Structures are given as C-alpha cells and as structure tokens.
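Dear colleague,

I am handing over a structure that I have been looking through, and my notes on it follow below. Please keep it open beside you while you read.

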Amino acid sequence: MTITRSIRTPIMHRAVEVNGLVFIGGTIADDTSVPMGAQTENILGKIAGYLKEAGTDASRIVSATIFVTDLSHKKEMDAAWTRFFGDDLPARATVGVADLGGGALIEVVVTAAKG
C-alpha cells in the first residue's frame with residue numbers, strides 16, 4: 001500500500017492519499033472575523049484547491065465532518081454548503097464544539113475519491 005502525502009504545513013500534510021481516497025485534514029477560513037457562511041465558502045474553496053493539487057476535485061468528496069462553535073448559525077453554513085455542492089452532497093456529520101482556536105467558527109475535514 002502506497003501512502004502519498006502532499007501540501008505540507010509545519011504540523012501536518014493537508015492531503016494524504018491511500019487506496020484511491022484523499023483525506024483532507026481540518027481546514028479553517030483564512031479570515032475568521034467574517035460570519036460562518038463566509039468562512040464556510042472560504043474553506044470549501046481552499047479544500048477544492050487542495051483536492052485539485054492532489055489530482056481530484058470537490059465533486060468526488062464522499063464524506064465530511066464539520067466542527068462548529070455555534071450551532072445557531074448552522075443554517076448559514078448549510079446555505080453556503082448547498083450552494084457549493086448543489087445536488088452532489090456528500091455524507092456529512094456536524095459536531096458542536098466549544099472552541100476551534102484563532103476565532104474560527106467552523107472547521108471542515110473531508111474524504112474524497114481519487115479518479
């Protein structure tokens with residue numbers, strides 16, 4: 001089994017590929033001072049870029065785990081999510097957490113199929 005790691009940061013690789021799947025580590029927005037919907041849009045754009053660099057694309061996302069600090073803003077996140085994915089929605093779990101650090105309201109982890 002070959003494991004391919006790419007997009008190195010000081011503490012992790014953003015993308016790890018194994019057995020035809022690409023795992024994208026936790027991603028937060030570049031600007032955490034904006035509302036949750038704008039953070040969601042920024043994160044999904046970043047993830048799309050990471051997936052492209054790994055040789056796949058966002059339409060191949062099969063699963064996502066979303067961590068949010070305030071579930072009362074979930075509708076705003078859901079609206080940005082459905083605008084991005086359209087009818088190709090991946091399986092998803094949304095988890096409320098106390099803090100994500102750096103003022104982030106949302107963090108997204110995804111798994112995509114390669115191909």
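Leaving aside its neighbours within four places in sequence, which residues is Leu51 in contact with? Counting as a contact any case of heavy atoms within 4.5 Å, Leu51 touches Val22, Ile24, Thr56, Asp57, Ala58, Ile61 and Ala112.

Before going further, please note that this is a predicted model, in which local features need pLDDT of at least 70 and side-chain atom pairs count only at pLDDT 80 or more, while totals for chains, interfaces and linings use all residues. Residues are numbered from 1 along each chain as its sequence is written, and side-chain values use heavy atoms, with hydrogens and water left out.

The overall fold

The protein has two helices and six strands, and along the sequence they follow the pattern β-β-β-α-β-α-β-β; here helices (H or I, at least four residues) and strands (E, at least two) are DSSP runs, numbered from the N terminus. A compact globule of 115 residues would have a radius of gyration near 13 Å, and the 14 Å of the protein agrees with this; the radius is taken over C-alpha atoms, and the globule rule is 2.2 Å times the number of residues to the power 0.38. Among contacts between residues at least 6 apart in sequence, 68% join residues at least 24 apart.

The core

Buried residues make up 36% of the 115 residues, where buried means under 20% relative accessible area, exposed over 50%, and partly exposed in between (1.4 Å probe, protein chains only). The largest nonpolar core has 24 residues, and those with the most contacts inside it are Ile24, Ile47, Leu51, Ile61, Ile106 and Val108; such a core is a set of buried Ala, Val, Leu, Ile, Met, Phe, Trp, Tyr and Cys residues joined through side-chain atoms within 4.5 Å. Strand S3 (21-27), helix H1 (36-53), strand S4 (61-68), helix H2 (74-85) and strand S6 (106-113) each supply at least two residues of this core, and the largest share, six residues, comes from H1. In soluble globular proteins, nonpolar side chains tend to be buried together.

Two residues to look at

Thr40 is found in helix H1 and counts as buried because its relative accessibility is 0%. Apart from its neighbours within four places in sequence, Thr40 is in contact with Met77, Ala80, Trp81 and Ile106. Asp87, by contrast, lies in the loop between H2 and strand S5 (91-96) and is exposed, with a relative accessible area of 79%. The C-alpha atoms of Asp87 and Ser59 are separated by 9.9 Å, although these residues are 28 apart along the chain.

With best wishes
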